[in-house]
Amino acid sequence: MDIKDYTLNNTDFKNFECPHCKIFSQMRSTHVIVNQMHSQMAWYTQAEHQLSISTCQSCGNSALWWDGLCVYPEVTYKLPNPDMPESVKMLYLEASSIYDKSPRAACALLRLAVEQFCNELGETGAIDKMIGSLVQKGLPTIVQKALDAVRVIGNKAVHPGQIAFDVDDKSTAETLMKLLNIITERMISEPKEINGIFDALPQSAKDSIKKRDSKC
């Protein structure tokens with residue numbers, strides 16, 4: 001049998017990122033202190049928890065918190081770059097949906113996402129060799145560093161204790177998702193935008209450029 005005592009704290013205002021609209025906004029929060037007494041045989045144990053409800057002053061939606069952890073809505077990271085390949089995006093979204101509860105599992109999924117990204121770029125085999133092959137084909141150094149960072153940190157999630165990185169915190173998973181968006185921007189979004197601008201040039205200008213390059 002549980003004995004519960006609810007004590008309402010004063011409502012306060014704080015500023016933080018809304019889990020609904022992702023905007024850094026003022027939050028109107030109400031806190032309830034929950035005292036739980038659990039009976040087991042002749043012994044009683046008591047635990048105190050805090051239940052909070054925050055309402056975003058930007059979007060008007062409310063979130064539910066238990067001892068400082070958001071339990072509603074489900075915490076997710078920023079949406080992936082729309083140019084991210086679908087097979088990679090699927091893994092990214094899965095990692096985003098669980099990183100708040102299991103950062104290690106999210107990091108393992110993001111390592112797999114990098115492997116899938118290399119496949120999308122035409123590479124096969126071990127992930128390390130695929131990145132090396134892309135480097136030989138002219139992969140920008142900054143993108144290679146991003147790929148290797150996700151690969152190495154993700155390896156720790158797959159093989160605990162082998163690499164000196166902590167993958168048990170949310171910030172590590174957030175960093176890897178940020179890197180995947182950067183990789184997509186550099187490898188897909190920027191080239192697509194530049195090609196679109198070039199393709200819009202007059203044909204005479206493109207013919208002149210082609211003639212110039214053939215003489216080099």
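**Group meeting: a strand residue and a helical core**

Let me begin with serine 52, which lies in strand β4, spanning residues 43–56. Please bear in mind throughout that this is a predicted model. Is serine 52 buried or exposed? Its relative accessibility is 6%, and because the threshold for burial is under 20%, serine 52 counts as buried. Leaving aside residues up to four places away in sequence, serine 52 is in contact with Thr30, His31, Ala63, Leu64 and Trp65.

I turn now to the chain as a whole. There are 6 strands and 6 helices, and their order from the N terminus is β-β-β-β-β-β-α-α-α-α-α-α. The chain has 216 residues, of which 34% count as buried. Its accessible surface comes to about 13,300 Å², with 56% belonging to carbon and sulfur atoms. As for contacts between residues at least 6 apart in sequence, 49% join residues at least 24 apart.

Next, the largest nonpolar core. In soluble globular proteins, nonpolar side chains tend to be buried together. Here the largest such core holds 32 residues, and the members touching the most others are Leu110, Leu147, Leu176, Met177, Leu180 and Ile183. At least two residues come from each of α1 (86–98), α2 (103–120), α3 (127–136), α4 (141–158) and α5 (170–199). Which helix gives the most to this core? That is α2, with 8 residues.

Thank you for your attention.

Note on methods. Residues numbered from 1 in each chain as written. Predicted model: local features only at pLDDT ≥ 70, side-chain atom pairs only at ≥ 80, totals over all residues. Heavy atoms only, no water. Core = buried A, V, L, I, M, F, W, Y, C linked by side-chain atoms within 4.5 Å. Buried < 20%, exposed > 50% of the residue type's maximum accessible area, 1.4 Å probe, protein only. Helix = DSSP H or I, 4+ residues; strand = E, 2+ residues; numbered from the N terminus. Contact = heavy atoms within 4.5 Å. Areas by Shrake-Rupley, 256 points an atom, 1.4 Å probe, with all protein chains shown as cover.
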